[in-house]
Amino acid sequence: MGYELRESDVYGLAQQVGATVRRRGEELFFQLCPYCHGGESRDKDTFSVNLKSGAFSCFRSGCGKKGHFVELCRDFGYPLDFGEKQGKQYRKFPQKPVEVREPAVEYLKSRGIGEEVARKYRVTCRKDDPSILAFPFYDEHGVMQFVKYRNTCHQPGQGNKEWCEKDGKPILFGMDRCTGSGRLILTEGQIDSLSLAQAGLENAVSVPNGKNGFTWIGPCWGFLEAYSEVVVFGDNEGGEITLAPEMQKKSPIRVKVVRPEDYLGEKDANDILRKYGPQALVTAVENAREVPLPKVVELADVKAVDLNSLPRIRTSLPEVDKLIGGIFPGQVALLTGKRGEGKSTFMSQLVAESLEQGWPVFVYSGELTDYHFKRWLDFQVAGPDWVRTSFDAYGEPRYSLDAATVEKINSWYRGRAYLYDNNALEGEEMEGLLETVEKAVKRYGIKAVFLDNLMTAMSDDPKSDLYRQQSRFVHRLKLLAVRQDVAVVLVAHQRKGSAQQKGAPVDDNDTIMGSGDITNRVDTVLLYARPEEGADCDGLLRVTKNRLFGRLTRKGEEVKLFYSASTKRISSKGSSLRHYGWEANPEEEPLLPDLPF
Ligand SMILES: [Zn+2]
C-alpha cells in the first residue's frame, strides 16, 4: 500500500495543470508555480518537483509552498495509484508533452480541420513514418490512457488502416477538452469528432475501437453521467446510424441520434464538413432527436443465426451441455430442486465457468453472506492442486487456501465479477434488484447474471399475492435478459410439500414446480435432486424444459453428479479436471517504453 513516486505522474500532473516544464537533472521545473502562478510579476521557474524524492517547493518569497508530490496531487485533484483495489490493470503511458508535427497538421487541413484544432487535441504523426497519424486519448484528468494510429496512405487490402497501442485503458478521444456538463456529442471516428470541434461544437468525443467496441462504457461511466444528454453522430450506413442502437441500450444518460436526413447523403461528420461546411454540422446536432428502438423489424432483415454457433456458457458437464447446449444470452435458466441439495454449489461453479470463458458476472446470493459465497467460489476456482487439507482434534478434515492463492484468484476476479451488496430481499425490493442488475449490466459489461435465491419458495397458489409477485418478477427478468442480451441463471427452491414430494408424477413441469407461470416464462429448467440412499453418485440433474433444443431427460437418464468436499466442485462422468486462468503466470509489469511519436 502507499504511493511510490513515478516520473510519469509528475509529468502527468504538470500536463493537467497546464504547466510548461523543463528538466534539470533530477528537478522538473514548472514555468509557473501552480499555487501562486508567479505572482503579479509572473516570476518564472520558481517551482520545481524533485523526480527522485518527490519534494516540491516554490521559492517565490510571497508563496513559499512546499511539500511532497502526493500533497501536490491532492491539491490539484490528480489521481494517484495508492495500490488500492482497482479495476483491470491497464498499461501506463509516458506522460510527456506531445509534439504536434507538421505532416499531421497538413493532413488534417486536407480534411477541413484547422491547425488550432489539431494542436488543441494534440494530434501528431509518428517520427518513423509521418503518414501514420497518432491520436493520444487523455482522460478528464488530462492523463494519456490510450493511443490510436491511423495510416493515412492506407490502400484497401493492405494491412490495417487503424490500430492502437496495446493494453491501453479504453476511453473516449477528447475527454480532456470537454466542459463536464451539458450536451456530449459522440462520433465513431477521431476525425469526425475533430470535425465537430472545427465547427465550434463543444464536448465532441469519439470512441476508441469503432462501432462495435463498447469496452469504454465502464471506464467512462462517471464521465458520461456528468452530462445531461449524448447526441450520437455515428456513421450513416444506409440510414442506420452506427453506435446508436448500442448507446440506446447502454447509456446512463438520455440519448439523441442525428437524423439520417441531416447527413445530406454523406457518410460521416467529416464528409459533411468538407462538402457542406460547419453550419451543416451544427444543424445536424441541433436537429438530433430521441429515437425509440424499433418495435417492428422486417423479417428479411433479421440476421440468420446458426443456433449451434451462438455464444454460450458451457457448464463444464458435457452430459448437460449435450442436452441444453449451454447457458445462452437472452435466456433465463431455472435451477431448481429441494432445499439443500447442491443447487447453490452448482450455480457458483457456473459463475467460475462464466469467468473462465470470458463472461463478466453479476451475482445475487440471498442465502449466503458475501464472504461465505466468495469462500465457496474461491475453493471451486482453486481446485485440487491448491486446496490444503488438515485434520482437527476430532479427525475431521479442514480445508484451506493460502493467502497467495486467494490473492491470485482475486486478481482474476477483479473487474469482471460483481456481487449485489445486500442479502435477504423481499417484495418490493425484488424490483429494486432488477434495476440494479440492469445498471450493472450496462456499466460493467456483465454478460451473465446469477440470482440465488429470490424466493424463499416458489408459490403454487395462482390466487396468492406471492405467486403473482414471483410470476411478474420472472417475467421482468426474462425481458431484461432479452433486452440486454445477458444469460440469467435463477435458483429457486421447490416448495415444501409440493406435488413431487407428495409422490406425484414428476414428468410435468407444472407439477414439479407448482408454479406454471414461472416455468412458462423461463427457457431452461434444470432439476437438481438427491439420489436414493446408497446410490453411486451425490446428485442427479434432469433437464425438464429446453426451449432452444427441446431435448429433455427421461426418467432413469438423469445426469449423475459427484461432489468433492475439499474443492466444492461438482463433476460428472464426462467432465475433466478444470484449471482456471488464475493459475497462469501473469505477465511482468510493463515498463514505460517511449511512444513512436
Ligand atoms: Zn508559488
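This is a predicted model: local features need pLDDT of at least 70, side-chain atom pairs count only at pLDDT 80 or more; totals for chains, interfaces and linings use all residues.
Which residues are in contact with Trp216, leaving aside its neighbours within four places in sequence?

**View 1. Surroundings of Trp216 in the nonpolar core.** Beyond its neighbours within four places in sequence, Trp216 is in contact with Pro170, Ile171, Leu172, Leu186, Val207, Pro208, Leu224 and Met247. Trp216 and Phe233 have the most contacts inside the largest nonpolar core, a set of 62 residues. Helix α9, spanning residues 278–286, gives the most to this core, with five residues. Another core, of 42 residues, lies apart from it and includes Val320, Trp359, Val406 and Phe450.

**View 2. The open sheet of five strands.** The strand order is β1-β2-β3-β4-β5, and the pairing is antiparallel. Because β1 (21–24) and β5 (66–68) stand at the edges with a single partner strand each, one side of each has no neighbour in the sheet. From one strand to the next, the twist averages 20 degrees.

**View 3. Pairing of β3 with β4.** Three bridges join strand β3 (residues 47–50) to strand β4 (residues 55–58) in the antiparallel sense. Phe56 in β4 is the bridge partner of Val49.

**View 4. Helices lying across the sheet strands.** Helix α1 (residues 7–16) lies across β1, β2 (27–30) and β3, and runs at about 5 degrees to β2. Helix α2 (residues 69–76) lies across β3, β4 and β5, running at about 100 degrees to β5.

**View 5. Domains of the protein chain.** The domain assignment gives domain 1 (7–76), domain 2 (102–286) and domain 3 (310–370 + 428–579). Taken over C-alpha atoms, the centres of domain 1 and domain 2 are separated by 33 Å.

Terms used
Residues are numbered from 1 along each chain as its sequence is written. Side-chain values use heavy atoms; hydrogens and water are left out. Domain bounds come from an automatic or database domain assignment. A nonpolar core is a set of buried Ala, Val, Leu, Ile, Met, Phe, Trp, Tyr and Cys residues joined through side-chain atoms within 4.5 Å. Buried means under 20% relative accessible area, exposed over 50%, partly exposed in between (1.4 Å probe, protein chains only). Helices (H or I, at least four residues) and strands (E, at least two) are DSSP runs, numbered from the N terminus. Contact means heavy atoms within 4.5 Å. Two strands pair if DSSP finds at least two bridges between them. Axes are lines fitted to C-alpha atoms, for helices over the stretch in contact, and angles run from 0 to 180 degrees between N-to-C directions.
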